[in-house]
Amino acid sequence: MSKLLNTSEAILIAPNIYWVGMHLENDPFQCHPYLIKNKNESILIDPGSMIEFEETVRKIKTLMDIQDIKYIILHHQDPDLAAAVPEIEKLINRDDLLIVTHSRMSLLVKHYLIKSSYYEIDKEDHKLITTNGFRLDFLTTPYCHSPGAFVSYEPSSKTLFSGDIFGGIEHSWDFYADETYFLKAKLFHQEYMPSKDIFNYALGKIEKLDIDLIAPQHGSIIKKKYINKLIEDMKNLDCGLYIEEKYNRELIDTIKELQQKEVALKERDLLIFEQSKRAEIGEMIGNIAHQWRQPLAIVNTSIAILQEKNRLSSLSKEELSQKLEKIEKRVMYMSETIEDFMNYYSPDKEKSWFKICDAVDRSLDITNMQEANTHVKVALLVEEEHRYFGLFNELVQVLVSIISNINDIIKIKNLTDIIISISIYKESDYIVISISDNCGGIDDNNLSKIFDPYFSTKHKSIGTGLGLHIAKKIVEENMQGYLSAKNIYDQKSKKIGAEFTIKVKNES
């Protein structure tokens, strides 16, 4: 207790560490400078204002030559801590005197007309080591209560010089804190710490230290037996903005409003998700229908021929075998189509190397292009055997969509002498698949819309408007490639057909 201590003298609080302040009568806001004796590299901590100046200097001189002070630590920039520095500088009178502080504070304390150089802790690895090996560690505690605030830790004696943190307002001052000190510290921190969150950030750093003694700038010195309990109590303390009634009420109202908005957003997102999934399912069903239409027509035709020839007893075993094989191929493709689209959004689909020519052959076989129409010639132009790492069936579906559209146009317009050219070649870093025809091209008004979902110029019994849309999604989203279409013209600028171009990265 201060009543039992002679505060008119410097008081040893830890090995080579002294309190060199003064007791201010009837002042609840006690300020405490400290001195660390370290030969001719001694350290003065938070020297105070001109109110304590004479008494602080007197006590220092009873312990040592004041010119042995090489460092002055300023934990923040307030006048109750730093105002006396210019006068102390004159007494120390050393060219190598350093003001130890944070760079955010050196910009401010210079306005006291301090002339010494600065040792900015954030530029010095947050530590100070003197030539004889004495060490101090610095921990930043931003906005407690200054942007550049920090605390100093002396690991040998396990003493923490805590600046404003752990300060107290005491009408009846005790030099050493007792078990009731939290009530005094509570008043100080409620007023001078900006918020519970910021204060707890600083406490989180401090509680990791092994501390035997806390020496704050205000209040009472705290011994080890009270430290852990005091920190725990401090963590639950509402301070600064949180104790301002209007702010607190507005904060709670804002939090409630945000929570209500969050609930509304979650409900909206769930509705959008459900709508999106329904759209995806509808899109998938529409695309399956598009992919099935051609093989189903072939299956139905084959069955009708078989039935008619069987009725006339003109069906040979060889033809039966051929027709059944054709039906089996189409049914297998339809089965694979279901599986492919069920897994369309699966991220773990297994990819493999395959020949692009094989995918083209498979798509021509599925669409039955040449076999079903004697007026169609398919010209396959391949520079070399190109391979691609991906999903074989996805590329087949893309090609089937494009070729089926050409087939539909041939039937709708009743065209003859049709040539479909399929080219596979390398262009820079891409493998290009070009599919062109001489079916008269695409209406210029529709060219920019053909990949839009549900856009179709065909009767709904023939098209859903999803085939090319899904094809583009497969190429550009799953294969990271490009799918485009353009009209082609002869030398007299007459539109003669259309060209679809697929570009995929050449990874071989």
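Predicted model: local features only at pLDDT ≥ 70, side-chain atom pairs only at ≥ 80, totals over all residues.
Just after helix H10, Asn-368 adopts a positive phi of about 55 degrees. Helix H10 itself comprises 12 residues and reaches 17 Å from its first C-alpha to its last, close to the 16 Å expected at 1.5 Å a residue. Its buried residues are Ile-356, Cys-357, Ala-359, Val-360, Ser-363, Leu-364, Ile-366 and Thr-367.

H10 leads on to the largest nonpolar core, which has 42 residues. Within this core, Ile-402, Ile-422 and Ile-502 touch the most other members. Two or more residues come from each of the helices H10 (356–367), H12 (392–413) and H13 (467–478), and the strands that do likewise are S15 (376–382), S17 (418–427), S18 (430–436), S19 (482–489) and S20 (495–505). Helix H12 gives the most, with 9 residues.

Once neighbours within four places in sequence are left aside, Ile-502 is in contact with Val-398, Leu-399 and Ile-402, with Ile-431, Val-432 and Ile-433, and with Val-475, Tyr-482 and Leu-483.

S20 runs antiparallel to S18, and 7 bridges join the two. S19 is likewise antiparallel to S20, with 8 bridges joining this pair. Thr-501 in S20 illustrates both pairings: Thr-501 is the bridge partner of Ser-434, and Thr-501 is also the bridge partner of Ser-484. S19 and S20 form a hairpin with 5 residues between them. In the turn of that hairpin, Ser-493 has a positive phi of about 65 degrees. As a reminder for anyone tracing such strands, side chains in a regular strand alternate between the two faces of the sheet.

Helix H1, spanning residues 53–63, gives a further example of helix packing. Here the buried residues are Phe-53, Thr-56, Val-57, Lys-59 and Ile-60. Viewed down the axis of H1, these buried residues fall within an arc of 165 degrees, and they therefore line one face of the helix. What do the buried residues of H1 pack against? Their partners are the strands S2 (17–19), S3 (34–36), S4 (42–45) and S5 (69–73), together with helix H3 (85–92).

Notes:
Residues numbered from 1 in each chain as written. Heavy atoms only, no water. Core = buried A, V, L, I, M, F, W, Y, C linked by side-chain atoms within 4.5 Å. Buried < 20%, exposed > 50% of the residue type's maximum accessible area, 1.4 Å probe, protein only. Helix = DSSP H or I, 4+ residues; strand = E, 2+ residues; numbered from the N terminus. Contact = heavy atoms within 4.5 Å. Arc of directions from axis to C-beta. Expected span 1.5 Å × (residues − 1). Pairing = 2+ DSSP bridges.
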